[in-house]
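Reader: Walk me through this one, please. Keep it brisk.

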Amino acid sequence: MRSMRRVAFVVAALSAGLLVAAPVAAADSQRGQQDEGDPITIMTIGEFDVAAAGSSNPEVSGAVEARAEAINEAGGIEDASGVTHELRVEVCNTDNDPNQAEQCARDAVEQGVAAVVGNFTALGSSVYPILEEAGIASIGPTASEPTTLSSPVSFALQSGIPGIFFEMPRLLAEQGATRISLVYPDLPAAAQAVPLVGLAADAAGVEVVNEVVVPLDTADIAPQIAAATANDADGIMGVVIGDQTARLVQGLDQAGYDDPLVTASAFLTPQILDELEDELDGTYIVLSYPPASAKGVPGVKAFNKDMKAFDKDLARTDSAMNSWLATWVFEQVATGIEIDAANVLAALNETAALDTMGLTPTLNFTQPVELASFPLPRVFNPTVVNARVKNGRIVSLEKPPEFVNPFE
């Protein structure tokens with residue numbers, strides 16, 4: 001059995017904040033019944049737009065802005081003194097550049113943000129040391145690389161890449177696969193996740209017979225399609241990014257592959273779902289949260305409402321839901337305290353039973369989940385949700401959506 005201490009993961013994110021609430025001022029004719037303090041700023045950091053990789057995810061940062069807009073329309077966030085504050089959002093795109101990621105973190109400190117929320121970056125090693133030194137919490141980072149799941153200022157809301165990658169071989173096995181292929185991008189962080197897939201495959205009782213790397217700049221992935229379907233593979237994990245997801249799906253269809261394919265929703269843009277509706281039908285998806293189609297879940301309903309009000313054209317993806325939920329968690333924690341980075345961090349560390357309206361099991365930030373043999377000290381929710389593409393939409397396999405712990 002390979003040691004889990006060799007395993008690192010793929011994407012991190014951060015959000016930070018630091019702003020002291022203004023003291024209560026006397027009511028006057030210019031104000032309503034509640035006094036208004038200075039605005040509070042939060043930041044979201046990530047690879048929201050990376051031209052070199054052909055990826056653009058405006059919905060991820062947009063979800064933070066959508067929830068902030070809803071908060072402000074409802075009157076803002078009320079502090080311990082009863083003063084209300086407008087919530088402002090700073091969006092910092094890293095462009096997949098470690099130097100830019102570091103600068104984003106430094107900007108968060110300089111601007112005195114109260115927290116960093118919904119971070120969507122694989123460059124956590126450039127961000128977290130700065131946040132830790134400043135005592136700024138990262139709420140709801142995409143849990144996909146080591147610092148996200150180990151930093152004392154990180155409060156992941158999901159199991160992220162570890163949970164998703166660990167569940168995929170089990171889900172393929174459940175569909176009858178015994179020999180699977182892993183198709184992944186030519187990125188160092190992705191390569192570091194390969195041992196995790198091996199462990200997951202061993203646990204699921206399947207064999208990884210092909211490990212196929214896809215260069216980021218290749219337009220013709222026919223050789224990778226041939227490699228993925230070789231050696232009698234009867235199940236495929238496809239986790240490539242950007243336009244190559246569409247090429248992978250089309251290539252497999254043209255090659256006559258009709259065994260199970262599993263991926264994550266982060267790799268399926270609305271354009272791909274729309275353009276390849278027939279080819280994608282039946283594809284399995286492992287999510288961190290119930291899909292946006294699960295409208296019976298209160299948190300999903302609130303998410304859809306805020307996104308529609310902010311920008312109805314933004315995609316309702318798993319990553320967007322994570323960012324929305326991160327902003328919602330900030331709201332719950334910041335309400336009723338003196339709102340600065342130190343107090344937000346302290347409040348998070350004391351939060352023991354947070355109901356997320358059905359988007360996750362109850363969250364307890366005072367007690368990270370212990371995963372046997374896994375050195376992941378900042379996992380508070382080990383679960384995933386399984387889904388499938390049906391008529392161009394992602395729908396959960398179970399109704400209502402079921403939270404599955406792939407590590408059990």
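Author: First, the naming. A helix here is a DSSP run of H or I with at least four residues, and helices are numbered from the N terminus. Also, this is a predicted model.

Reader: Fine. Start with helix H3. Which of the H3 residues are buried?

Author: H3 covers residues 124-134. Its buried residues are Gly124, Ser126, Val127, Tyr128, Ile130 and Leu131.

Reader: And what follows H3?

Author: Gly135 does. Its phi is positive, near 70°.

Reader: Which residues other than glycine have a positive phi?

Author: Asp95 is one of them, with phi near 55°. Met357 is another, with phi near 60°. Most residues other than glycine have a negative phi.

Reader: Where does Asp95 lie?

Author: Asp95 is in the loop between S7 and H2. It is partly exposed, at 42% relative accessible area.

Reader: And where is Met357?

Author: Met357 is placed in the loop between helix H12 (341-349) and strand S16 (385-390).

Reader: Now cysteines. How many disulfides does the structure hold?

Author: One. Cys92 is joined to Cys104, and the S to S distance is 2.0 Å.

Reader: Left-handed or right-handed?

Author: The link of Cys92 and Cys104 is left-handed, with -80° about the S-S bond.

Reader: What does the pair tie together?

Author: Cys92 lies in strand S7 (residues 87-93) and Cys104 in helix H2 (residues 98-111). So the pair ties together parts that are 12 residues apart in sequence.

Reader: Is Cys92 buried or exposed? What about Cys104?

Author: Cys92 is buried, with a relative accessible area of 9%. Cys104 is buried as well, at 0%.

Reader: Stay on S7. What is Arg88 in contact with, neighbours within four places in sequence aside?

Author: Arg88 is found in strand S7. Beyond those neighbours, it is in contact with Pro39, Ile40, Thr41 and Ile42. Arg88 is partly exposed, at 44% relative accessibility.

Reader: How far apart are the C-alpha atoms of Arg88 and Gly76?

Author: They are separated by 10.0 Å. Along the chain, Arg88 and Gly76 are 12 residues apart.

Reader: Switch to helix packing. How do H10 and H11 cross?

Author: H10 spans residues 298-311 and H11 spans residues 318-334. Their axes come within 11 Å and cross at roughly 95°. That makes H10 roughly perpendicular to H11, since the roughly perpendicular class runs from 65 to 115 degrees.

Reader: Which residues meet there?

Author: H10 brings Gly299, Val300, Ala302, Phe303, Asp306 and Met307. H11 brings Ala320, Met321 and Trp324. By class, this contact has seven nonpolar, one polar and one charged residues.

Reader: And H1 with H11? At what angle do the axes cross?

Author: Roughly 35°, and the axes come within 7 Å. H1 covers residues 58-73. H1 passes H11 in a right-handed crossing.

Reader: Which H1 residues meet H11, and which H11 residues do they meet?

Author: On H1 they are Glu59, Val60, Ala63, Val64, Arg67, Ala68 and Ile71. On H11 they are Ser319, Ala320, Ser323, Trp324, Thr327, Trp328 and Glu331. The classes here are eight nonpolar, three polar and three charged residues.

Reader: Last one. Is Gly62 buried or exposed?

Author: Gly62 lies in helix H1. It counts as buried, because its relative accessibility is 2% and the cut-off for buried is under 20%.

Reader: What is Gly62 in contact with, leaving aside its neighbours within four places in sequence?

Author: Phe310 and Leu314.

Reader: And how far apart in space are Gly62 and Pro169?

Author: They are 32 Å apart, C-alpha to C-alpha. In sequence, Gly62 and Pro169 are 107 residues apart.

Note on methods:
Residues are numbered from 1 along each chain as its sequence is written. This is a predicted model: local features need pLDDT of at least 70, side-chain atom pairs count only at pLDDT 80 or more; totals for chains, interfaces and linings use all residues. Side-chain values use heavy atoms; hydrogens and water are left out. Axes are lines fitted to C-alpha atoms, for helices over the stretch in contact, and angles run from 0 to 180 degrees between N-to-C directions. Helices (H or I, at least four residues) and strands (E, at least two) are DSSP runs, numbered from the N terminus. Angles under 35 degrees count as roughly parallel, over 145 as roughly antiparallel, 65 to 115 as roughly perpendicular and the rest as oblique. Contact means heavy atoms within 4.5 Å. Ala, Val, Leu, Ile, Met, Phe, Trp, Tyr, Cys and Pro count as nonpolar, Asp, Glu, Lys and Arg as charged, and the others, Gly among them, as polar. A crossing is left-handed if the near helix is turned anticlockwise from the far one by less than a right angle, and right-handed if clockwise. A disulfide is a pair of cysteine sulfur atoms within 2.5 Å. Buried means under 20% relative accessible area, exposed over 50%, partly exposed in between (1.4 Å probe, protein chains only).
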